[in-house]
Structure formats: structure tokens, C-alpha cells
Amino acid sequence: MAAKNDLATEPADRVLVITRIFDAPRSLVFKAWTESEHMARWFGPRGFASTVLRNELRPGGAYRIHMRGPDGDDHWMQGIYREIVPPERLVMVGSWADAQGNLTRPETTLTLTFEEHDGKTKLTLHQAIFESVTARDAHQGGWTTSLDCLAEYLAAAQSSRG
Amino acid sequence: MSPDRLNATFAALADPTRRAILARLASGETSVSELAEPFEMSLPAVSKHLKVLQRAGLIARGREAQWRPCRLAAGPLKDASDWLERYRRFWEESFDRFEDYLRDLQKRELQQKEKKHGRKK
């Protein structure tokens with residue numbers, strides 16, 4: 001991996017972006033991504049059986065998904081919905097967790113954008129870490145720290161966009 | 001790789017000044033005063049950022065010279081990238097299944113529509 005080159009440009013780019021075009025209308029793609037009975041049918045890598053344990057589709061609502069791997073290994077993914085704009089945008093903050101619901105990995109912010117072109121849907125998945133860390137710190141600190149964090153967040157958001 | 005270490009890496013990276021310091025160090029080791037120059041920041045403020053980066057294992061400080069040069073330590077950054085890479089595989093495979101599922105879903109919807117039309121006739 002060319003770590004040196006990545007760093008020289010902007011370390012804020014340590015963000016995951018995946019784009020995929022699905023041959024289905026946007027309303028259906030959004031529905032299949034957000035409704036529990038649909039999610040259970042496809043969520044997770046091949047060979048994984050997923051159960052949606054909690055899915056409160058509203059800003060501030062929690063979600064928790066259990067996944068059993070092909071070797072019988074258990075995984076949980078959970079978090080909070082931040083933004084829901086059907087059928088075009090979905091933002092959530094979350095991570096991997098244990099059976100008791102404690103997070104076991106750093107939180108990330110997951111932003112999904114659904115765009116329709118000629119009956120097909122372009123889905124862009126954007127997963128970032130820095131924003132989540134900053135946002136979490138903002139919750140813990142007082143007003144001053146929150147404002148500092150907001151300034152940092154905006155700077156980071158701008159540099160990652162540019 | 002421990003979750004604590006990953007957390008330390010990401011917390012250290014969550015600051016734009018610290019990311020800029022790392023970007024500067026990517027082109028070679030340098031002194032603290034040289035690092036401070038582009039940031040309009042006091043030396044103690046820069047030192048504070050360096051301490052955070054050092055605790056996270058993202059930089060190393062030389063002991064040999066009096067000016068204690070800073071240099072990049074790539075290990076934790078590689079861990080962070082590997083971690084994101086695992087997420088990439090997770091989503092790519094989920095997307096494959098999602099694609100198949102959407103196809104089935106549309107096929108079923110179409111069949112149901114045809115049935116309804118058939119009954120009406």
C-alpha cells in the first residue's frame with residue numbers, strides 16, 4: 001500500500017467510498033435497505049445469516065443487527081440513525097459490538113446516497129472515522145469544546161470534500 | 001490489533017492540525033520549530049499535538065540529536081487502513097447479495113402484477 005502517497009495528499013482521505021449501480025428504482029432500493037424484513041435477506045457477506053434486532057428508523061433511533069457467520073461465529077453491528085431523507089439519503093453512526101451491546105471497534109459515520117438515473121439507482125456508501133470521533137467528543141465536552149469541535153469538523157469536512 | 005490502539009489512532013487523527021503534521025512528516029523528518037511554522041501556533045501548542053501523536057505511536061522522536069527530530073511511524077496508520085479495507089470487503093460482498101435480492105424482489109413484484117391482471121380478465 002502506498003501509505004506515503006496517501007499521506008502526502010491528505011490523511012483525511014482515510015475514508016471508504018464505494019459506489020454501485022443497482023438495476024432497480026430508487027424507492028425500492030431505499031426500502032430494501034431500511035426495512036427490517038428486507039435487510040435480513042441480504043445484509044452481511046455471503047454465507048452470513050442476519051437478524052435485525054432493532055431498527056428505529058428515525059433520527060436518534062437505534063439499530064442493531066446480529067450476523068452469524070458460516071463457521072457459527074456471532075457478530076453484532078449497531079448504532080444510531082442521524083439523518084433519514086427517503087428515498088435519497090441515510091446517515092448513521094455505529095460500529096461492531098459484543099453480545100451485551102458494548103462497542104468493540106471505533107465508531108464510524110456511514111452516509112448512504114441514493115441517486116436515480118433512468119430507472120437505475122446509484123448507491124454511494126461513504127464511511128468515515130474522523131467525523132465520528134469529533135462528534136462523539138463534542139457530546140462529552142462543554143459548550144466551548146463543542147464549538148472547537150464544530151470548527152474542526154467543518155475544516156475536516158471541507159478538506160475531505162476538496 | 002487491539003481496539004484500544006485503533007481508538008488511539010483514530011482519536012489522534014481526528015484533528016486537522018495533527019493530520020497536517022503527519023502530512024508534513026510524510027515528506028521526511030523535521031524539527032518541532034519547522035513543524036510549527038505553517039500553523040501560526042506557539043511551540044507549546046505544537047508540542048501538545050506531537051505528544052498526542054507520539055502516544056498513539058504515529059510519530060517517533062529522535063533522542064540522538066539535541067533538536068529531537070520527529071518522524072512518521074507508519075504501523076498504526078497501516079492498521080487503520082487495513083481496518084477500513086476489511087469494511088470494504090464487508091460492503092462489497094453485502095452489495096453483491098443486495099443486487100441479487102433486488103433482482104428477485106422485482107421479479108416477484110412483476111409476477112404478482114401479472115397474476116392480478118390475469119384474474120381481472
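Modeller: Two residues are in contact if their C-beta atoms, placed from the backbone, lie within 7 Å. This is a predicted model.

Biologist: Are α2(B) and α4(B) roughly parallel or roughly perpendicular to each other?

Modeller: Their axes lie 10 Å apart, and the packing angle is about 75°. Angles of 65 to 115 degrees count as roughly perpendicular. The two helices α2(B) and α4(B) are therefore roughly perpendicular.

Biologist: Which element gives the most to the largest nonpolar core?

Modeller: That core has 21 residues, and B:F10, B:A12 and B:L25 are among those with the most contacts inside it. At least two residues each come from α1 (3-13), α2 (16-25), α4 (43-55), β2 (70-72) and α5 (75-120) of chain B. With four residues, the top contributor is α1(B).

Biologist: Which residues does B:A12 touch, leaving out those up to four places away in sequence?

Modeller: B:A12 is one of the residues with the most contacts inside the largest core. Its partners are B:R18, B:V52, B:L53, B:A56 and B:L58.

Biologist: Now chain A. Which strands stand at the edges of its open sheet?

Modeller: Seven strands run in the order β1-β7-β6-β5-β4-β3-β2, with antiparallel pairing. The twist averages 25° from one strand to the next. An edge strand has a single partner, so one of its sides is left without a neighbour in the sheet. The edge strands are β1 (16-22) and β2 of chain A.

Biologist: Which residue of β3(A) is the bridge partner of A:A49?

Modeller: Strands β2 (residues 49-55) and β3 (residues 62-68) of chain A pair in the antiparallel sense over six bridges. In β4(A), A:D74 stands opposite A:R68. In β3(A), the partner of A:A49 is A:R68.

Biologist: Which residue takes a positive phi in the hairpin of β3(A) and β4(A)?

Modeller: β3(A) and β4 (residues 74-85) of chain A pair antiparallel over seven bridges. Five residues lie between the strands. The one with a positive phi near 85° is A:G72.

Biologist: How many bridges join β4(A) to β5(A)?

Modeller: These strands run antiparallel. A:Q78 has A:S95 in β5(A) as its bridge partner. The bridges joining β4(A) to β5 (residues 89-97) of chain A number nine.

Terms used. Residues numbered from 1 in each chain as written. Chains lettered and ligands numbered in written order. Predicted model: local features only at pLDDT ≥ 70, side-chain atom pairs only at ≥ 80, totals over all residues. Pairing = 2+ DSSP bridges. Core = buried A, V, L, I, M, F, W, Y, C linked by C-beta atoms within 7 Å. Buried ≥ 20, exposed ≤ 12 C-beta atoms within 10 Å, placed from the backbone. Axes fitted to C-alpha atoms, helices over the stretch in contact; angles between N-to-C directions. Parallel < 35°, antiparallel > 145°, perpendicular 65-115°, else oblique.
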